[in-house]
Amino acid sequence: MAIGEIGVLIPFFGIACGMLAIWTNHQQKMAKIQAKDTAERAAQYATQNTELEDRVRVLERIVTDKGYDVATQIEALRDARKVDALLDQRGEEARS
């Protein structure tokens with residue numbers, strides 16, 4: 001290599017190092033921003049998960065409570081009355 005060629009490469013190498021430093025600094029900033037965003041999302045998911053767990057606990061209490069069973073039986077009786085009433089109506093129509 002001639003001295004002239006080395007003289008051209010020295011400024012090129014200096015510029016390339018400067019650009020590499022800027023690019024590396026930018027990548028570090030982007031990684032910090034992404035980490036912060038990820039942490040915020042994780043906190044939101046944790047809050048939502050806790051709220052859903054609380055709701056499921058309430059639903060489990062309602063389902064395992066004996067009052068729920070009584071309410072279900074009452075609704076079944078109401079449905080049976082509707083069916084009986086419809087059968088009576090059809091029976092009367094058939095007689096007519």
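In which helix do R41 and D37 both lie, and how many residues apart are they? Both belong to helix 1, which covers residues 3-64, and they are four residues apart, about one turn of the helix. The legends below describe this pair and other parts of what is a predicted model.

**Figure 1. Overall view of the predicted model, a protein with two helices and zero strands.** The radius of gyration of the protein is 38 Å, well over the 12 Å that the globule rule gives for 96 residues, and the protein is therefore more spread out than a compact globule. Along its principal axes, the C-alpha trace spans about 120 × 35 × 15 Å.

**Figure 2. Close-up of the salt bridge between R41 and D37 in helix 1.** A search of the whole structure finds two salt bridges, and one of them joins the side chains of R41 and D37, with a distance of 3.6 Å from N to O. The two residues are four apart in helix 1, a separation of about one turn of the helix. R41 is partly exposed, its relative accessible area being 47%, and D37 is likewise partly exposed, with a value of 33%.

**Figure 3. Close-up of the salt bridge between D54 and R57.** The side chains of D54 and R57 meet at 2.9 Å, N to O. Because D54 and R57 are three residues apart in helix 1, about one helical turn separates them. D54 counts as partly exposed at 38% relative accessibility, while R57, with a relative accessible area of 42%, is also partly exposed.

**Figure 4. Close-up of the nonpolar surface patch formed by V58, L59 and I62.** Together these three residues have about 250 Å² of accessible area. One of them, V58, lies in helix 1 and is partly exposed, with a relative accessible area of 38%; this value is over the 30% relative accessible area that residues of a patch must have.

**Figure 5. Close-up of the patch of negative charge at D84, D88, E92 and E93.** These four residues gather on the surface of the protein. Among them, E92 has its place in helix 2, which covers residues 66-95. At 52% relative accessibility E92 counts as exposed, because the cut-off for an exposed residue is over 50%.

**Figure 6. View of I15 in helix 1, shown together with D79.** I15 lies in helix 1 and is exposed, with a relative accessible area of 54%. Between I15 and D79, which are 64 residues apart along the chain, the C-alpha atoms are separated by 84 Å.

Key. Residues are numbered from 1 along each chain as its sequence is written. This is a predicted model: local features need pLDDT of at least 70, side-chain atom pairs count only at pLDDT 80 or more; totals for chains, interfaces and linings use all residues. Side-chain values use heavy atoms; hydrogens and water are left out. The radius of gyration is taken over C-alpha atoms; the globule rule is 2.2 Å times the number of residues to the power 0.38. Buried means under 20% relative accessible area, exposed over 50%, partly exposed in between (1.4 Å probe, protein chains only). Patches are made of residues with over 30% relative accessible area and no salt bridge: like charges are joined within 9 Å, nonpolar side chains (Val, Leu, Ile, Met, Phe, Trp, Tyr) within 5 Å. Accessible areas come from the Shrake-Rupley method with a 1.4 Å probe; for residues, only the protein chains shown count as cover. Lys and Arg count as positive and Asp and Glu as negative; His and the chain ends are not counted. The place of a charge is taken as NZ of Lys, CZ of Arg, CG of Asp or CD of Glu.
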